[in-house]
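Please open the model in your viewer and follow this tour one selection at a time.

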2 protein chains.
Amino acid sequence: MYLTQSLSRAVMVNPNGVATIFRDRVRTWSQCAERIRRLASGLTARGVGKGDRVAILALNSDRYFELMFAAPAIGAIIVPINTRLAPPEIDYILKDSGARMLLLDTTFAPMLSRLTELDAVQDVVFLDDGAVPDGLCPYESLLADDAPLPEVAGHDDVAGIFYTGGTTGRSKGVMLTHRNLVSNAIMVVTAFGYRPDSVYIHSGPMFHLADGASTYAVTMIAATHVFIPRFDPLDLLGEIQRTKVTNALLVPTMAAAVANHPDVGKYDTSTWRICAYGASPMPEAVLQKIKTVLPTVKFIHAYGMTEAAPLVTTSDMHKEPEGERFKSCGRVGLLVEVKVADANDVEVPRGTVGEVLVRGPNVMLGYWNQPEVTQAALRGGWYHSGDGAYMDDEGYLYIVDRLKDMIISGGENIYSAEVESAISTLPGVAEVAVIGIPDEKWGETVHAVVVPRAGHALTVDEVVAHCRTLIAGYKCPRSVEIREAPLPISGAGKVLKGPLREPFWSGREKRVA
Amino acid sequence: MYLTQSLSRAVMVNPNGVATIFRDRVRTWSQCAERIRRLASGLTARGVGKGDRVAILALNSDRYFELMFAAPAIGAIIVPINTRLAPPEIDYILKDSGARMLLLDTTFAPMLSRLTELDAVQDVVFLDDGAVPDGLCPYESLLADDAPLPEVAGHDDVAGIFYTGGTTGRSKGVMLTHRNLVSNAIMVVTAFGYRPDSVYIHSGPMFHLADGASTYAVTMIAATHVFIPRFDPLDLLGEIQRTKVTNALLVPTMAAAVANHPDVGKYDTSTWRICAYGASPMPEAVLQKIKTVLPTVKFIHAYGMTEAAPLVTTSDMHKEPEGERFKSCGRVGLLVEVKVADANDVEVPRGTVGEVLVRGPNVMLGYWNQPEVTQAALRGGWYHSGDGAYMDDEGYLYIVDRLKDMIISGGENIYSAEVESAISTLPGVAEVAVIGIPDEKWGETVHAVVVPRAGHALTVDEVVAHCRTLIAGYKCPRSVEIREAPLPISGAGKVLKGPLREPFWSGREKRVA
């Protein structure tokens, strides 16, 4: 169970079938695999060896895809970086991962000036065609002579490090092995209904495993990948029509943007069979709208997390759940175990809320360079998700709360601690608490409650502007309350967020979107 | 990846769905899992522990199914015995495996008298209801109190030993681990199109992994198992109608028996969607007949071997191959690697015949107590199948020859060496060679060429009758040639079978059925 076996299989069974479509670049599996082999040779020639980290900071493309196979093929480790992060966050990941090489595209060329100071990356490859910035290796010239890939990597070797936010404000690198990613891929094939004739569009960001899962699953079944650089409703609709897409994955905010677009009816989307979604349930209004404007599409609600590579549960594609069940995030995948447990890791009865624990061949090896955090997260052999949920009598899981102090907005995980940490560096801030509040469009949005130091005046704009220099735009507060009174504090001196959240969530059945 | 995870999952997602149907015994997944837990407790109470072998010699039933999960759940090893073997062959397996316990049903009660002499099994459990032979434990009373199954077995612990014939005349026990069987099961789910609403009928023998694969795969997806004791066309058709079967697995001779049965049209088989088959290609005439009398059924040709747990290739269920392709045994499964190689294990070009080598998480740990044979079979990390095949440009595999001296008759593997060894114990036999010859009904049949010692007269009946006392009926020769001239011999003194086979196979494109 190592990643390149899927690639070899694809070439074996479908050499002349279309592997990748990125605008006018169309390649067969045979051509695609040759390029991956040449890229693997090129990486080796530039000194990338077993265990070395290769980071990538780029919008979606077929070249991104090639790297996702080429680096693990030679035993190296891919580090796909969230493109929406702020410069200090990107710098942290480059240093923490100790990346030897970085691949970036035009969009991120401005960060080049920082790289020299950062002293974090030895070698930078430029992904786009055209003018190449000084000192960078152009991607196409990185491709070396074709040579067979080396024999089997270790199944339990790390194939990728995927950074997520951190509960303590420090981003964590999730180490996933070949076996983790392959186990996940085969579950994705069964859960999302991939077939040899499927056409999957990468419309979500490829650095995120929600999409990355299909990078590996679609290859496993030798179907077709289509790429758009970033989510855009019209680009998506246009490519669905042009390339006859059958499968996509969208978070509810993306699905809403597609369904509500005034031009949605102008495109032929009749080949589109399945839309997986996750992060939060699909709002009823969006669902109804989609059923009208995209009648061929069946929905699959998926739930997971980077630590599980990522799939944990999915709704059943053979019998799309209805009514209340549609709000469930589905049932456990074929190779995974889920236990809804109390604080002592003892299973609670069906219908009772507990923490979601996950075990299986898809669960991460651990967090990069963070053995203590790893041990805590994987205690007793189960991954502790921090999600509060109950399971009904037929195994449908309902996420109702979040034990981790995390906000999910438009499909992105935002750890309150990261936002609080950013705000607290602003002079004049005495106390800060960041919470998620419900929002019709984004599911949840970030709300900050800030108490100024005595004698300091703080404005909302000032708080937001300060955040923008430190953290990704999507993590910055959408609303800020400047409050004079001290924050409610527990006996242990911790801010009590319950009372802060309550006014926003009261009258709802759940405390998450 | 251990077997009971599938069972826990089935109870989690489908507690009230039907798990097993055997005549009028119908049980839900919740009831079925409880019985398996009680059986596991009962085995433990009778002293069966981790690593102990538990053999079963019985026709198909729901109780057979229960054992296939209960023994591995406590770390014990199941040893399902081929019900068609002759007494000396069964005795060999009981002794070789060192089985601590044996479960048998009425059909095999006559062997009880031998067990005491054999000194091979400490504990015998009787699977049927009604009168229990003296000293045996009735199955239902073996079921003890319900208790949770023990925590996770080792993924790479042996879960079962499945005996196959031996090239040297000695039967080999194939050790398959939890991971082997689970990896195979998830490939079977994808390859045979199992869905949560599938109903699979165990019509082939459960001791054989062609069926055993579905024991685990159908459970993984929490669908329904139906059992008939043994293959019988009318029983099969009746149960398909009564229980609304969707999936079955038949070897071509069975499929022919169903399609050609005069009463086939009297049954409602409209729920039957998929029929997997293997061992040999479906003859064109049978195929055409089935398409007429069973128009809802789609065919999936599968190829594998016990050593691969067993699935290696399958034809594509989303696009049933036509014409010549229908004779192919399909393309490689999602997690498996196949290499068609020359005598030095170097891959040969497409279209060239070589030996089929197999690698993957489904490939056996090795042969029980036969480290040298294991090392030879798994040399270089690949399982050497002994099957000669070529692969076409799109990865379809065609088996054309057999490097091992084996005959496949009616779906059963028969090693010539075992038959030769039986015949040679008959006084008056000077030389013997056993070959497979083509047969319209059975694919191949066993043909023996026997040279008597000088001064001895041998008759055909005598040879066959002698074989019947030593080996399974299906292994006994269907035809015998008594020949006075010595057999053709190689320079190394080995019988040359090519010249013996040639008259029977000439004019055909392949040297196997």
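At what angle do helix α1 of chain B and helix α2 of chain B pack, and how far apart are their axes? Before selecting them, note that this is a predicted model, in which local features need pLDDT of at least 70 and side-chain atom pairs count only at pLDDT 80 or more, while totals for chains, interfaces and linings use all residues. Residues are numbered from 1 along each chain as its sequence is written, and chains are lettered from A and ligands numbered from 1 in the order in which they are written.

Select residues 3-13 of chain B, which form α1, and residues 29-45 of chain B, which form α2: the two helices pack at an angle of about 145°, with their axes 8 Å apart. Helices here are DSSP runs of H or I with at least four residues, and strands are runs of E with at least two, numbered from the N terminus. Axes are lines fitted to C-alpha atoms, for helices over the stretch in contact, and angles run from 0 to 180 degrees between N-to-C directions.

Next, show Leu7(B), Ala10(B) and Val11(B) of α1(B) together with Trp29(B), Ser30(B), Ala33(B) and Ile36(B) of α2(B), which make the contact; two residues are in contact if their C-beta atoms, placed from the backbone, lie within 7 Å.

Now turn to both chains, where 27 residues of chain A are in contact with 27 residues of chain B. On the chain A side, α1 (3-13), α7 (178-192) and β16 (331-332) each supply at least two residues, and α1(A) gives the most, with 5 residues.

Finally, select Val54(A), which touches residues including Leu43(A), Ile78(A) and Met101(A), not counting residues up to four places away in sequence.
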